[in-house]
Every structure is written in structure tokens, then in C-alpha cells.
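Dear colleague,

Please find below the sequence and structure that I am handing over to you. A description of what was found follows directly after.

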Amino acid sequence: MSSVETVRSLFASRGGANYLGEAVSIATHMLQAGALAQRDSVSPQLVAAALLHDVGHLVASTSAQHDARHEETGAQWLTQLGFPSTVTEAVRLHVAAKRYLCSVEPAYLEALSSASVRSLELQGGAMSAQEATAFAELEHAAAAVAVRRWDDAAKDPTASVPAFDAFVPVLESVLR
Ligand code: FE
């Protein structure tokens, strides 16, 4: 099976799981994040990272109810499939990006969904000023922050989301 087919079958088989107390399924959430990235006319790598940021929830276990370092699981799984670091590192850092934004933008923390506030504690809470400075210097920090903002915006149960097939050309271009 090609890497794109592997991702497609994961979305189809496990994507219907509820997204950690949000009003959308994990697949809907990720498709919505990918569509928001695409709307912002960013690189295909960033669109792919937005689309795939939570695959760790799908591959980790059948229970998506605990957080279980899904960003690491997802980044490793995507690396095995041949995705470049511009995709995998944005996925790996998207939880750190949340802890970063909570530290540097008070308004960000206030706007988080209640489920996201609950998981924040599990994820280590807001970064210290020192941690935030170190994070901002990472090569893929800006990409991870961008993914994080689409992630947070992609929880609208009323939005119409594209089908997985709409992203196949993007994924193929990134894997080439
Ligand atoms: Fe997410």
C-alpha cells in the first residue's frame, strides 16, 4: 500500500472516533485543519502537517481518551511513511506550540476550548519564559505554531469539510 493509501485507510477506519471531548470526530477535525491551512495558501508541507497533526491519536490505540504523547506517536508514524521533517517536526511540536502560545499570549489561553484547557495540564502546562525562548529558536517553531492555530480553529461542527481525496495531490507532492 502506498503511504497515501495507508493514511487514507487510517482516516477511514479510526477517524470517526470522538475528538477528546470536542464536538467533531478526529477525522473531521483534521480535514478541517487541513482546509484552513489550504485557505491560507501556505506550502503543501504545512497543509499536510495541519491535515495530519493528530494522526497519533489514531495510531496510538483504539482509545483516544487519554493524550499519551500523540504528537510523538504521530511524528514517528509519518516519518516511517516517508514524510519530510517539514511535516513531521510541525506535528511533533504542535503540543509544545500550545504550551508556548499559552506562555506568550494571555489571550490565547483564554480562548482555548475547555477540553484543550483540561489536556494542557497533562501536557505540562504553559511554558516558562525560558522554555518559550528556547522553543521560539527551534527550526520548525513557526510551522508548529501555524499548525496549532488551525488545530484550535478546526473544531466547528457546522463547517463543511472537504473529503480526504481533496488532499491526495498535496500529500503526493510532499512525498515525492
Ligand atoms: Fe488537534
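Helix 3, which covers residues 44–52, is largely enclosed by the rest of the structure, because 7 of its 9 residues are buried. The buried residues of helix 3 are Leu46, Val47, Ala48, Ala49, Ala50, Leu51 and Leu52. Please bear in mind throughout that this is a predicted model.

The metal site comes next. Which residues coordinate the iron ion? The ligands are Tyr19 through OH, His29 through NE2, His53 through NE2, Asp54 through OD and Asp151 through OD, at 2.2 to 2.5 Å. Along the chain, the donors of the iron ion follow the spacing Y-x9-H-x23-H-D-x96-D. Distant parts of the chain are linked in this way: His29 lies in helix 2 (residues 26–39) and Asp151 in helix 11 (residues 141–153), and the pair is 122 residues apart. Both His29 and Asp151 are buried.

Is Leu78 buried or exposed? Leu78 has a relative accessible area of 0%; buried means under 20%, so Leu78 counts as buried. Leaving aside residues up to four places away in sequence, Leu78 touches Leu52, Val55, Phe83, Thr88 and Val91. One of these, Leu52, is among the buried residues of helix 3. From Leu78 to His53, a ligand of the iron ion, the separation is 25 residues in sequence and 9.8 Å in space, C-alpha to C-alpha.

Two of the residues that Leu78 touches, Thr88 and Val91, are also buried residues of helix 6. In helix 6 (residues 85–92), the buried residues are Val87, Thr88, Glu89, Ala90 and Val91. They pack against helix 3, helix 5, helix 7 (94–104), helix 11 and helix 12.

Finally, I turn to a pair of helices. Helix 1 (residues 3–14) packs with helix 12 (residues 168–175) at an angle of about 135°, and their axes are 10 Å apart. The two helices are therefore oblique to each other, and helix 1 passes helix 12 in a right-handed crossing. On the side of helix 1, the residues in contact are Ser3, Val4 and Arg8, which meet Val168, Leu171, Glu172 and Leu175 in helix 12. By type, the residues of this contact comprise 4 nonpolar, 1 polar and 2 charged.

Yours sincerely,

A colleague

Key. Residues numbered from 1 in each chain as written. Predicted model: local features only at pLDDT ≥ 70, side-chain atom pairs only at ≥ 80, totals over all residues. Heavy atoms only, no water. Buried < 20%, exposed > 50% of the residue type's maximum accessible area, 1.4 Å probe, protein only. Helix = DSSP H or I, 4+ residues; strand = E, 2+ residues; numbered from the N terminus. Axes fitted to C-alpha atoms, helices over the stretch in contact; angles between N-to-C directions. Parallel < 35°, antiparallel > 145°, perpendicular 65-115°, else oblique. Left-handed = near helix turned anticlockwise from the far one by under 90°. Contact = heavy atoms within 4.5 Å. Nonpolar A, V, L, I, M, F, W, Y, C, P; charged D, E, K, R; others polar. Donors = N, O, S within 2.8 Å, 3.2 Å for Na, K, Ca; no water.
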